[in-house]
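Please keep the sequence and the model open while reading.

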Amino acid sequence: FVCQICVNFIMKQNRKAFRLIFPPGGLKAAFEVKDINGQKYVAAWPIVDLSAGGMSITSDHEMATESKIQGFIKVGTHAPIEVKAVIKGCRQQIGSTGKNERLTTCQFIQMNASLDQKITSLINECQRQIFSHNKTK
């Protein structure tokens, strides 16, 4: 017997690359949006986690599945990385500040080897920073 709900959940959670989770109060990571579905939109949303294939962000903006967003990944003092992504899921939750927010999962699109390498290098450097910071405490 295979639980189809469980299989679907696991399939949606599966990522092909290592995922970096940004700890609260740690390294600042944000997605600076410049457009949603081709319409200009300016906002900066916290990045919850990041992998070479996508990211999860928290936002106050409701977006439909398959919406397209474009903007910059900005982490600490690292150079911003411009990406395009498609929304894969969005659910409402109560944030750490007690207000409603949406946890949104995104898959990067129009990727190439250079962009993949930039994101992977950023993730590796952030992992080193987080590890060395925690090690000195």
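β2 pairs with strand β5 (residues 68–75) in the antiparallel sense, over seven bridges. Two strands count as paired if DSSP finds at least two bridges between them. Phe 31 has Ile 73 in β5 as its bridge partner. The model is predicted: local features need pLDDT of at least 70, side-chain atom pairs count only at pLDDT 80 or more, and totals for chains, interfaces and linings use all residues. Residues are numbered from 1 along each chain as its sequence is written, and side-chain values use heavy atoms, with hydrogens and water left out.

**Overall layout**

The protein has two helices and seven strands. Their order from the N terminus is α-β-β-β-β-β-β-β-α. Helices (H or I, at least four residues) and strands (E, at least two) are DSSP runs, numbered from the N terminus. Of the 137 residues, 34% count as buried. Buried means under 20% relative accessible area, exposed means over 50%, and partly exposed lies in between (1.4 Å probe, protein chains only). The protein exposes about 8900 Å², and carbon and sulfur atoms supply 54% of that area. These areas come from the Shrake-Rupley method with a 1.4 Å probe; for residues, only the protein chains shown count as cover. Take the contacts between residues at least 6 apart in sequence: 57% of them join residues at least 24 apart. A contact means heavy atoms within 4.5 Å.

β2 is mostly covered, with six of its eight residues buried. Asp 35 has Lys 40 in β3 as its bridge partner. β2 and β3 form a hairpin with two residues between them. Asn 37 sits in the loop between β2 (29–36) and β3 (39–51). Its phi is positive although Asn 37 is not a glycine. Gln 110 also has a positive phi without being a glycine. Gln 110 is found in the loop between β7 (100–109) and α2 (113–135). Most residues other than glycine have a negative phi. The table sets out the two cases.

| Residue | Phi | Relative accessible area |
|---|---|---|
| Asn 37 | about 50 degrees | 46%, partly exposed |
| Gln 110 | about 55 degrees | 57%, exposed |

**The nonpolar core**

Which residues have the most contacts inside the largest nonpolar core? They are Phe 31, Ile 47, Leu 50, Ile 69 and Ile 73, in a core of 28 residues. β2, β3, β4, β5, β6 (81–94), β7 and α2 each supply at least two residues of this core. α2 gives the largest share, six residues. A nonpolar core is a set of buried Ala, Val, Leu, Ile, Met, Phe, Trp, Tyr and Cys residues joined through side-chain atoms within 4.5 Å. In soluble globular proteins, nonpolar side chains tend to be buried together.

Ile 73 shows how the elements meet. Leaving aside neighbours within four places in sequence, Ile 73 is in contact with Ala 30, Phe 31, Ile 47, Leu 50, Ala 79, Pro 80, Ile 81, Val 83, Phe 108 and Leu 122.

Thr 58 lies in strand β4 (residues 54–59). Thr 58 is buried, with a relative accessible area of 11%. Not counting residues up to four places away in sequence, Thr 58 touches Trp 45, Pro 46, Val 48, Gln 93, Glu 101, Arg 102 and Leu 103.

The structure holds one aromatic pair. Tyr 41 and Trp 45 form this pair, which is tilted: 5.9 Å centre to centre, with 50 degrees between the planes. Rings of Phe, Tyr and Trp (its six-membered ring) pair if their centres lie within 6.5 Å; planes under 30 degrees apart count as stacked, over 60 as edge-to-face, and the rest as tilted. Tyr 41 is partly exposed at 25% relative accessibility, whereas Trp 45 is buried at 4%.

**Cysteines**

How many disulfides does a search of the whole structure find? It finds zero. A disulfide is a pair of cysteine sulfur atoms within 2.5 Å. The sulfur of Cys 90 is 8.9 Å from the closest cysteine sulfur, in Cys 106, so the gap is too far for a bond. Cys 90 is partly exposed, with a relative accessible area of 34%. Cys 126 is buried, at 1% relative accessibility.
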